[in-house]
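Hi,

Here's the structure I said I'd pass on.

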Amino acid sequence: MIRRPLRALTVLIGAAAAVTAFAAPASAATSALNEAAGPATVAAAQQKLGTSLGAAFAGSWLDATTGELIVGTTDASRTSRIRAAGAIPKVLRHSAADLKHIQSTLDNRTAGLPGSVAGWYVDVPSNDVVVSVVGGDPAGLAWATSAGVPVRVEHVKSAPRPLWSVIGGQGLYFSGGACSVGFNAYDDDDHYVITAGHCTELGGTVRGAGGTIGKVARSSFPGNDYGTVKVTHSDVSTPPRVDRYEDGSDVRIEGADVVGVGGRVCRSGITTHWHCGRVEALDQTVNYGNGNIVRGLTQTDACAEPGDSGGSFVSRPSSGSGTKLVQAQGMTSGGSGDCDEGGTTFFQPVKEVLDRYDLTLEKD
């Protein structure tokens, strides 16, 4: 999601675009159309008035303070029609078609566009087209002034950037190997990705599917098998989701209620994607060899393979369509067998790492 940056300073460029605009006199009837009427009713009125006003239509919007529907027109004789429809008229200089033409002119000038130009848009209430320029960059200002159309420049603090999500079951890449994302969590100040401890013990900078996430914050292995990666890049979001790959849309984390012995669970990881099974035992001690003994793991018959480590274990989602809400269970630790012939897989319960590091699980 790209957010519109904060405005710091504006200047007017090109032909004079500002005009004295006036709204309906104070004695006019109170608008019957406002935000409380509901989106469908307001949208229908906007469309009807837009069609009725034709070339004189100058856009419509809801007043940020009162929620009343305001409709712009370039023809003062049309104001009574707008009032009769229950909206507040406002006479403006530029029609909606004029503003769209200005925007289209800019859209067709993207060759050699300076990186300091963050974007442009129609500001309907102010009745002009705005070009967002980072700081006071001369190249960005020059691009706007050379357009040959009237625009208003707003100086913004930073350029927008695409955001990407860290999602359970997707890849988590360390300098010494690859694992999978378990869950996302946060404390008062920071966000973290939870995965297996035998992955975070590799240390260093960690990448995800869309780029760098941050660095390993804490790690506990053997004894336990959990660790966290602190999110330090501002373009990373941490939604409460787990990837089901080809098995369906992402499931969303609702909580962390434990599934008991015999209950159904599913896991996600970059190697074998989405597989399901049942819980066979709780609080198991597992010997991974070479002195690596881990306690408190949950045993399942859901298969996994190398690379799936750290990936999400969740309660099995319900069948049918609609949003799938699940309970977070833990992070894949290890096991035996494979997903061709089946096997046994263990996971580290997520509640332990949340309690140990005083973290709150990201939930739907």
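On charges: the protein chain has 30 positive and 36 negative ones, and their mean positions lie 9 Å apart. Keep in mind that this is a predicted model.

As for the surface, the protein chain exposes about 17100 Å², with 49% of that coming from carbon and sulfur atoms. Buried residues account for 46% of the 364 in the chain.

Now the overall build. I count six helices and 26 strands in the protein chain. Its radius of gyration is 28 Å, well over the 21 Å that the globule rule gives for 364 residues, so the chain is more spread out than a compact globule. Along the principal axes, the C-alpha atoms fill a box of roughly 85 × 45 × 35 Å. If you take contacts between residues at least 6 apart in sequence, 59% of them join residues at least 24 apart.

One is helix α4, residues 138–145, where Gly140, Trp143 and Ala144 are buried. These three sit on the same side of α4, because the arc they cover around the axis is only 95 degrees. That goes with a general point: an α-helix has 3.6 residues a turn, so residues three or four places apart point the same way.

The other spot is Thr79, in helix α2 (residues 79–84). Its relative accessible area is 12%, so Thr79 counts as buried. Ignoring neighbours within four places in sequence, Thr79 is in contact with Thr73, Pro89 and Val91.

Cheers

Notes
Residues are numbered from 1 along each chain as its sequence is written. This is a predicted model: local features need pLDDT of at least 70, side-chain atom pairs count only at pLDDT 80 or more; totals for chains, interfaces and linings use all residues. Side-chain values use heavy atoms; hydrogens and water are left out. Buried means under 20% relative accessible area, exposed over 50%, partly exposed in between (1.4 Å probe, protein chains only). Helices (H or I, at least four residues) and strands (E, at least two) are DSSP runs, numbered from the N terminus. The arc is that of the directions from the helix axis to the C-beta atoms. The radius of gyration is taken over C-alpha atoms; the globule rule is 2.2 Å times the number of residues to the power 0.38. Contact means heavy atoms within 4.5 Å. Accessible areas come from the Shrake-Rupley method with a 1.4 Å probe; for residues, only the protein chains shown count as cover. Lys and Arg count as positive and Asp and Glu as negative; His and the chain ends are not counted. The place of a charge is taken as NZ of Lys, CZ of Arg, CG of Asp or CD of Glu.
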